[in-house]
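Work through the exercises below with the sequence and the coordinates at hand. Each task is followed by a worked solution.

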Amino acid sequence: MSMLEEHKHKHPTHDFDGITENRTNRPPAYFSVLFYGLILWGTIFSAYYLLSGWSSDAEFAAKMADHQQQVAEQKPSGPQAAAAAPQMSEEELLNEGKELFAQHCAACHGAAGEGGIGPALDGADYAYGADREAVHLSIAKGREGGMPAFGSQLSATQLEALTGFVLSLQPSGSAAAPAPAAGEPAAEEPAAAAAEGPDAAELYAGNCAACHGADGRGGIGPDLGAGEYKFGKDDAAILESIANGRPGGMPAFGARLSEAQLLSLVEFLKSL
Ligand code: HEC
Ligand code: HEC
């Protein structure tokens, strides 16, 4: 041990057990550059993340906010909008339906529902029924002949908006028109009820005009025109008003009129 120590400083090289140590050879320059460079880089790197205020949480939050904004723009009826749906006016709903149609349906059914890969939706003859229920079912569950189901990718409000828009494509008054029997019998059920062909205007004149006025502008009962309805103006609320009545003097028609007749009245009121 002491022999080795003494040796060390006197000779540039030293042999020991066949291994030659050469103390004049320094590590290559690039090694030093890498070594000190790495220390420098490490310091700057740590300083940047420690002192600049950057944090992965903040970055995540920012990206998430961006994403949610995008989603909100694409789907105006997210959960919040859906909750606010009852306040959505019929016109807004129709506009939304129009946009959704352009986005999801026009490729197959044509920009104005005139048909293409999928059948025309602007006529009254729907294979699966042209009433609200059948149309809603066609959209939500799809149809075997190539109509995809949209029930899982669209919200309830969006489906409702689309249904309303598709109905608006039909020649007016045909919302509850009879559908030629072509689809499976089960789907024809509502259409069959509609086959009696309730003429909404006639129904209105016979059952409602006495109280709401011949033109729907009000009388004993409130104005049913373009303005807001006290009990809500979405389809469900109007149907509820007509079928079950309202406490302030609106009689219930649920037992007197068929479902198709009630639905055609809902459509009729919206056209007032
Ligand atoms: C990939 C093409 C395609 C897309 C996209 C598509 N449809 Fe269809 N749709 C069809 C086809 C094909 C049929 C006919 C199905 C059948 O006869 O069984 C159909 C049938 C229908 C029907 C029933 C028509 C009837 O005669 O009863 C309705 C309503 C409908 N589509 C609405 C829509 C709406 C609303 C959208 C958008 C949300 C949409 N479709 C998107 C291809 C499409
Ligand atoms: C005997 C008179 C009378 C008849 C007949 C009548 N209504 Fe009414 N209706 C009223 C009154 C009164 C109200 C207000 C109820 C309230 O404020 O609680 C009303 C309310 C309504 C509403 C709710 C309006 C709102 O602001 O939310 C609708 C929709 C409606 N009627 C539709 C009809 C239809 C459709 C018919 C025919 C099938 C009809 N009514 C027949 C008296 C009548």
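**Exercise 1: The chain as a whole**

Among contacts in the chain between residues at least 6 apart in sequence, 52% join residues at least 24 apart. The model is a predicted one.

Task. State how many helices and strands there are in the chain, and what percentage of the residues count as buried.

Solution. Begin with the secondary structure: the chain has 13 helices and two strands. Then turn to accessibility: 33% of the 272 residues count as buried.

**Exercise 2: The iron site of ligand 1**

Task. Determine which residues coordinate the iron atom of ligand 1, what geometry the site has, and whether H109 is buried or exposed.

Solution. 

Step 1. The protein ligands of the iron atom of ligand 1 are H109, through NE2, and M147, through SD, at 1.9 to 2.0 Å.

Step 2. The iron atom of ligand 1 has six donor atoms, with angles of 88 to 179 degrees among them, and its site is octahedral. An octahedral assignment needs opposite donors over 155 degrees apart and all others between 65 and 115.

Step 3. H109 belongs to helix α6 (residues 106–109), whereas M147 sits in the loop between α7 (132–141) and α8 (156–169), so the pair ties together parts that are 38 residues apart in sequence.

Step 4. The relative accessibility of H109 is 9%, so H109 counts as buried because the cut-off is under 20%. M147, at 22%, counts as partly exposed.

**Exercise 3: The shell around ligand 1**

Solution. 

Step 1. There are 21 residues around ligand 1, of which C105, C108, H109, Y128 and M147 come nearest.

Step 2. Y128 places a polar side-chain atom 2.5 Å from an oxygen atom of ligand 1. Backbone contacts are made as well: a polar backbone atom of A127 is 2.7 Å from an oxygen atom of ligand 1, and a polar backbone atom of G145 is 2.8 Å from an oxygen atom of ligand 1.

Step 3. Helices α6, α7 and α8 are the elements that give two or more residues to this shell.

Step 4. Sorted by class, the shell around ligand 1 holds 14 nonpolar, six polar and one charged residues.

**Exercise 4: The shell around ligand 2**

Task. Carry out the analysis for ligand 2: which residues come nearest, and how many nonpolar, polar and charged residues does the shell have?

Solution. 

Step 1. Ligand 2 has 22 residues around it, and C208, C211, H212, F231 and M250 come nearest.

Step 2. From H212, a polar side-chain atom lies 2.7 Å from a nitrogen atom of ligand 2. A polar backbone atom of K230 is 2.8 Å from an oxygen atom of ligand 2, and a polar backbone atom of G248 is 2.8 Å from an oxygen atom of ligand 2.

Step 3. The elements giving two or more residues to the shell around ligand 2 are α11 (209–212), α12 (235–244) and α13 (259–271).

Step 4. The class count for the shell around ligand 2 is 14 nonpolar, six polar and two charged residues.

**Exercise 5: The surroundings of A200**

Task. Locate A200, and find which residues it contacts beyond its neighbours within four places in sequence.

Solution. 

Step 1. A200 is part of helix α10 (residues 200–207), and at 13% relative accessibility A200 counts as buried.

Step 2. A200 and Q261 are 61 residues apart along the chain, while their C-alpha atoms are separated by 7.1 Å.

How values were computed
Residues are numbered from 1 along each chain as its sequence is written. Chains are lettered from A and ligands numbered from 1 in the order in which they are written. This is a predicted model: local features need pLDDT of at least 70, side-chain atom pairs count only at pLDDT 80 or more; totals for chains, interfaces and linings use all residues. Side-chain values use heavy atoms; hydrogens and water are left out. Donors are N, O and S atoms within 2.8 Å of the metal (3.2 Å for Na, K and Ca); water is not among the atoms, so sites may look incomplete. Four donors count as tetrahedral if all angles lie between 85 and 135 degrees; four count as square planar and six as octahedral if opposite donors are over 155 degrees apart and all others between 65 and 115; anything else is irregular. Helices (H or I, at least four residues) and strands (E, at least two) are DSSP runs, numbered from the N terminus. Buried means under 20% relative accessible area, exposed over 50%, partly exposed in between (1.4 Å probe, protein chains only). A residue is near a molecule or strand if one of its heavy atoms lies within 4 Å of it. A polar contact is a pair of N or O atoms within 3.5 Å; within protein, one must be able to donate a hydrogen and the other to accept it, and residues adjacent in sequence count only if both atoms are side-chain atoms. Ala, Val, Leu, Ile, Met, Phe, Trp, Tyr, Cys and Pro count as nonpolar, Asp, Glu, Lys and Arg as charged, and the others, Gly among them, as polar. Contact means heavy atoms within 4.5 Å.
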